[in-house]
Amino acid sequence: MAALELNQPVIVLSKAPLGNEAASAWAQGGLAAAIGNNDSPELHLADTLAAGDGLCDPATARRIIEAAPATIETLARLGARFDRTPSGAIALGLEAGHSRNRIVHAYGDSSGREILRAVIQAARHAPHIQILENCAATRLILREGRIAGVLASGRNGPFVLRSSRVVIATGGLGGLYRHTTNPAGAIGQGLVLAARAGAALADLEFVQFHPTALDAGQDPMPLISEAVRGEGAILIDECGTRFMEGHGRAELEPRDIVSRAVWRHMGEGHRTFLDARSALGDRFATRFPAIDALCRAAGIDPARQPIPIRPAAHYHMGGIAVDEAGRTNVPGLWACGEAASTGLHGANRLASNSLLEAAVTGQAVAQDIAGTSAARPAPLVPLATPPAPDATAVRAILSRHAGVLRDVDGLSDAIADLLPLAEGHTDAADPALLGLMMVTAMHRRTESRGGHARTDYPAKSASLADRQILTWETARSAALATPPTSAALQA
Ligand SMILES: Cc1cc2nc3c(=O)[nH]c(=O)nc-3n(C[C@H](O)[C@H](O)[C@H](O)COP(=O)(O)OP(=O)(O)OC[C@H]3O[C@@H](n4cnc5c(N)ncnc54)[C@H](O)[C@@H]3O)c2cc1C
C-alpha cells in the first residue's frame with residue numbers, strides 16, 4: 001500500500017516471493033470499517049478503546065478508524081472482490097468485541113488472500129515499483145545519524161541499496177514462539193533492524209495469543225477462527241468437561257480471557273479441544289470451507305470429531321514507535337503495519353483492526369514521504385554481513401517464560417538467558433536482542449492489563465497507564481540491572 005500510494009520510484013524488498021510468508025494472506029476474518037447503516041466511527045472507536053484497556057492513543061485510533069471507509073473503497077478500486085449482499089452492498093460480519101456488524105470480508109474466510117492478491121497485482125503493474133523478491137533486509141545503514149541505505153541479502157549474496165528514505169513493513173514476531181499462527185519467517189527482523197539503528201520500540205510486552213490454534217503437530221499452527229465459537233462451538237477437555245462453563249460468557253469471552261483459561265487447564269495436565277459437533281455438525285464444511293480443509297489436512301473431521309487446540313502467539317500489539325505520519329525517531333526511517341506501534345491497539349487488539357491499520361498506515365507513510373526529498377546518495381562504509389537469524393534458542397526461552405502467563409522469576413531467568421545471546425555475534429543474536437527487549441518490558445510492567453498477564457501482579461495498576469518506550473540501550477541497561485532469581489543464584 002505504501003509503494004502504490006507513493007508514486008515515486010520505489011524498491012520493494014521481500015524476503016520471500018511477494019505475498020508468501022505474509023500474515024496478511026492468512027487473515028480469515030477481514031478488515032473492520034464502520035460502513036453499516038447503524039454504525040459510526042465513534043462506535044468503532046469506543047470498541048477499540050475498550051479492547052485497548054487504557055493504553056490506546058485515542059487521536060491515532062480516531063484517525064485510522066475514520067480512514068477505514070475510504071480505504072475499503074481504495075482496496076475495491078484496486079480490485080479486491082469483497083463479499084456482497086444480494087443488493088450489491090458490501091456484506092458485513094460480526095466479531096468479538098465489535099458492537100456492530102463491521103467486518104468486511106472476501107470469499108467467506110479468505111479475506112486477506114483476496115486483498116493481498118489485488119494489492120500485489122496492482123504493484124506488479126505499477127511502473128514506479130521495482131520488486132526484489134527472495135531478498136531480506138539485514139541491516140540499516142546510517143550516516144551522521146540519518147538513514148543512508150539498507151544492507152540486504154539475496155540468492156547471489158549480500159548487496160547494498162543506497163537510500164535516504166526507508167519504510168519498514170516486515171510484519172509481526174509470532175515466530176519467536178514455539179507455538180504460533182504466524183508465518184515461520186515472522187520473527188520481528190524489522191524491529192531488530194530499527195532497534196540496532198537507534199529507533200525506539202513501544203508496547204513490546206503486549207503479545208496477543210489466539211486461544212484456538214489447531215494443535216496437530218504443524219508449525220506454524222493453522223488458526224481456527226473465533227467465528228467457530230461464535231457459531232456455538234464449545235471448549236472441552238479429554239473427559240468431555242466444558243471447562244469454561246460458568247465463566248462469564250464462557251467461550252465467547254475475549255481472546256485473552258479464553259487463552260488464559262485454556263492455558264491454565266493445560267497446566268493442570270488436560271488436553272483441550274474445540275467441539276463443533278452439536279453446534280455445526282455437517283454444516284461445518286459449508287460455513288467454514290477453509291478451516292474445514294485445514295482440519296482435514298491434519299486428519300480431523302470437525303463435523304464428527306473434537307478439534308485439538310491450544311493458545312498460540314498470534315499478533316504483536318507492540319512495534320517500532322511511530323508518530324501519526326509513521327515516522328520513527330531515526331531521520332529517514334518510517335514504519336507501518338504490524339511492525340509499527342501506532343497506538344491504535346493499546347494493550348489488546350480488537351479483531352480485524354490490524355489489516356485496517358496496515359492498509360491505512362501504509363498510505364499515510366507514503367503521503368508523508370511524498371513531502372520530503374531524497375538526499376544525494378552518500379558513499380557508504382562497508383558493513384559486515386550478519387549471519388541469517390535463527391530463532392530456535394529464543395523460541396524455547398520465550399515460550400517457557402514469556403507466554404500467556406508470566407511472573408518475575410520466569411522473566412528474570414529469560415533476561416539472564418537472553419542477554420549473552422543478544423550481545424553475541426551468532427545467528428541467535430538478532431532474535432535474542434528483540435526477545436530481551438520484550439522480556440524487559442514484561443518484567444517492568446508489574447500489573448496485568450490486556451494481553452499482558454502476570455500471576456504475581458494479577459490486578460491492573462492505575463499508575464502504569466502509560467505506554468512503555470524502550471531503545472536497545474535502555475533495555476540493555478535495565479536487563480543488566482535486573483537481579484537474578486534466588487534459584488539462579490543457587491545454581
Ligand atoms: C492466521 C492469521 C489470521 C489473521 N486474521 C486477521 C484478520 O482476519 N483480520 C485482521 O485485521 N488481522 C488478522 N491477522 C493479523 C494480520 O494478518 C496482520 O497483522 C497483518 O496482515 C500484518 O500485515 P503487514 O503488512 O504488517 O505484515 P505481513 O503481511 O506479515 O507482511 C510482512 C512482509 O515482510 C516480509 N519480511 C519480513 N522480514 C523481512 C526482511 N528482513 N526483509 C524483507 N522482507 C521481510 C515478509 O516476508 C512479509 O512478506 C491475522 C494474522 C494471522 C497470522
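User: What should I know before reading the numbers?

Analyst: The model is predicted, so local features need pLDDT of at least 70 and side-chain atom pairs count only at pLDDT 80 or more, while totals for chains, interfaces and linings use all residues. Residues are numbered from 1 along each chain as its sequence is written, and side-chain values use heavy atoms, with hydrogens and water left out.

User: What makes up the secondary structure of the protein chain?

Analyst: There are 16 helices and 18 strands. Those are DSSP runs numbered from the N terminus: helices are H or I with at least four residues, strands are E with at least two.

User: Why are Tyr177 and Phe209 called an edge-to-face pair?

Analyst: Rings of Phe, Tyr and Trp (its six-membered ring) pair if their centres lie within 6.5 Å; planes under 30 degrees apart are stacked, over 60 edge-to-face, and the rest tilted. Here the centres are 5.4 Å apart and the planes sit at 85°, so edge-to-face it is. The pair also links distant parts of the chain: Tyr177 is in the loop between strand E9 (166-168) and helix H6 (189-196), and Phe209 is in strand E11 (residues 207-214), 32 residues apart.

User: And what makes the pair of Phe284 and Phe288 tilted?

Analyst: Their centres are 5.6 Å apart with 55° between the planes. By this rule the count comes to two aromatic pairs.

User: Why do Phe284 and Phe288 count as buried?

Analyst: Buried means under 20% relative accessible area, exposed over 50%, and partly exposed in between (1.4 Å probe, protein chains only). Phe284 has 1%, so it is buried, and Phe288 has 2%, so it is buried too. Tyr177 and Phe209 are also buried. Over the protein chain, 54% of the 491 residues count as buried.

User: How do you know how many disulfides the structure holds?

Analyst: A disulfide is a pair of cysteine sulfur atoms within 2.5 Å, and the structure holds zero. Take Cys135: the closest cysteine sulfur is in Cys336, 19 Å away, so that is too far for a bond. Cys135 is buried, with a relative accessible area of 11%, and Cys295 is buried at 0%.

User: Where is Thr60 found, and what is it in contact with?

Analyst: Thr60 is in helix H3 (residues 58-66). Contact means heavy atoms within 4.5 Å; leaving aside neighbours within four places in sequence, Thr60 is in contact with Thr342 and Leu344. With a relative accessible area of 8%, Thr60 is buried.
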